[in-house]
Amino acid sequence: MANYTVFESVNMKSTHYAERIFDAVATEDIENGTFGYLDGLDDGEDVIYKFVKGSATGKQVVVVDQPVWKSDECKITNQRKDNFIIKAGTPFRVRVVAFNDGFAISIDGITSATQSKADTGKFLTIDTTTGKLVAGDSATSDAKFEATIMRKRVQGATLVTVANTYGYSRVMYEAKVTTLA
C-alpha cells in the first residue's frame, strides 16, 4: 500500500483569518500537500480553477488541502491518510499560502532526493515541476517561496502483534513560511 503526503493546514491564514480557499481540478492524480498555482478557470466552469503543480513567476502559491466532500459521502474511508490522493478530474480545495503561515507535512511531500536533509532548522522550497518540497541546508537568496522546518513530531501510533500491525504513525515536519514573493 503506497503512502501519500499528509498535509495539515492548522496554522495558516486560510484556516483562521479568512484567507482565500479555492476549488480546483487537475488533469492528473494529485497528492494532498502538493504546491502549485492556479491557471485560470477550468473549461466551462464558473468557480473551479485549473491547478498546475510547481511554481511560476507572478503566480500566487497555493497548496492542495483536500477533496471537495459531497454532503452524502462517507468521510471515514476517504480520509485514510495512507490512501489520500485526489483522482484526476475530481474537484479539490487549494489554500492560498501567505507569509508566516505554519503548516505540517509528511516526508512524502518532500522530494526523494532531498528527504535525508529534512530536519529541524532546514529550509524548504518548491520543486518547479513536481510541486513537492525540496529540503536544503541553507536559505536561497532568490527563492519565491521558502519555509523553515521549526520542529518535527510523530502523528499516530502503531501496535505490532505476532499476527498483525494495527494503525500507523508518521513523522510530521512543522514549517513556517519565511519567504514569499
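**Hairpin, nonpolar cores and aromatic pairs**

Strands S10 and S11 form a hairpin with 6 residues between them, and Gly 131 in the turn has a positive phi of about 80°. Strands here, like helices, are DSSP runs numbered from the N terminus (strands E, at least two residues; helices H or I, at least four). The model is predicted: local features need pLDDT of at least 70 and side-chain atom pairs count only at pLDDT 80 or more, whereas totals for chains, interfaces and linings use all residues. Residues are numbered from 1 along each chain as its sequence is written, and side-chain values use heavy atoms, with hydrogens and water left out.

The pairing of S10 with S11 is antiparallel and runs over 4 bridges; two strands pair if DSSP finds at least two bridges between them. Phe 123 has Gly 136 in S11 as its bridge partner.

The largest nonpolar core holds 20 residues, of which Phe 7, Phe 35, Val 97, Phe 103, Leu 124, Leu 133 and Phe 145 touch the most other members. A nonpolar core is a set of buried Ala, Val, Leu, Ile, Met, Phe, Trp, Tyr and Cys residues joined through side-chain atoms within 4.5 Å. Buried means under 20% relative accessible area, exposed over 50%, and partly exposed in between (1.4 Å probe, protein chains only). Two or more residues of this core come from each of S9 (102–106), S10 (123–126), S11 (133–136), S12 (145–160) and S13 (165–180). A second, separate core of 12 residues includes Leu 38, Val 64, Ile 86 and Val 94. Beyond its neighbours within four places in sequence, Leu 133 is in contact with residues including Phe 35, Phe 103, Leu 124, Ile 126 and Phe 145, where contact means heavy atoms within 4.5 Å.

Rings of Phe, Tyr and Trp (its six-membered ring) pair if their centres lie within 6.5 Å; planes under 30 degrees apart count as stacked, over 60 as edge-to-face and the rest as tilted. The count by this rule is 6 aromatic pairs. The rings of Phe 7 and Phe 35 are edge-to-face, with centres 6.3 Å apart and planes at 85°. This pair links strand S1 (residues 7–11) to strand S4 (residues 35–41), its members being 28 residues apart. Phe 7 is buried at a relative accessible area of 6%, and Phe 35 is buried at 1%. The rings of Phe 22 and Tyr 49 are also edge-to-face, with centres 5.3 Å apart and planes at 80°. Phe 22 is buried at 11%, whereas Tyr 49 is partly exposed at 23%. Ring pairs link Phe 7, Phe 35, Phe 103 and Phe 145 into a cluster.
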